[in-house]
Amino acid sequence: MELLAGRVPEKANEVVVSEYFLSTYGNNARIGDTVALDTESFHGDYIVCGINFSQ
């Protein structure tokens with residue numbers, strides 16, 4: 001995984017998201033901010049610890 005900023009998750013409540021996700025669904029959150037996810041794999045509040053390239 002190639003990151004634009006931040007680091008890979010180290011804790012269960014941390015997540016790496018894409019720039020697209022942040023601009024579309026994350027209210028332009030930044031590293032250290034909390035985002036709410038509701039997908040098959042992730043459900044709940046997560047702290048953004050990294051941002052990867054949008055694809």
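What percentage of the 55 residues in the chain is buried? Buried residues, meaning those under 20% relative accessible area with a 1.4 Å probe and protein chains only, make up 29% of the chain.

The model is predicted: local features need pLDDT of at least 70, side-chain atom pairs count only at pLDDT 80 or more, and totals for chains, interfaces and linings use all residues. Residues are numbered from 1 along each chain as its sequence is written, and side-chain values use heavy atoms, with hydrogens and water left out.

The chain holds 1 helix and 4 strands, in the sequence order β-β-α-β-β. These elements are DSSP runs numbered from the N terminus, with helices (H or I) of at least four residues and strands (E) of at least two.

The largest nonpolar core contains 10 residues: V15, V17, F21, L22, A29, V35, L37, Y46, V48 and I51. Such a core is a set of buried Ala, Val, Leu, Ile, Met, Phe, Trp, Tyr and Cys residues joined through side-chain atoms within 4.5 Å.

Strand 4 gives the most, with 3 residues. Leaving aside residues up to four places away in sequence, F21 touches G26, V35 and L37, where contact means heavy atoms within 4.5 Å. Of the contacts in the chain with a separation of 6 or more, 56% are accounted for by residues 24 or more positions apart.

The C-alpha atoms fill a box of roughly 25 × 25 × 20 Å along the principal axes.

Definitions and conventions. Buried < 20%, exposed > 50% of the residue type's maximum accessible area, 1.4 Å probe, protein only.
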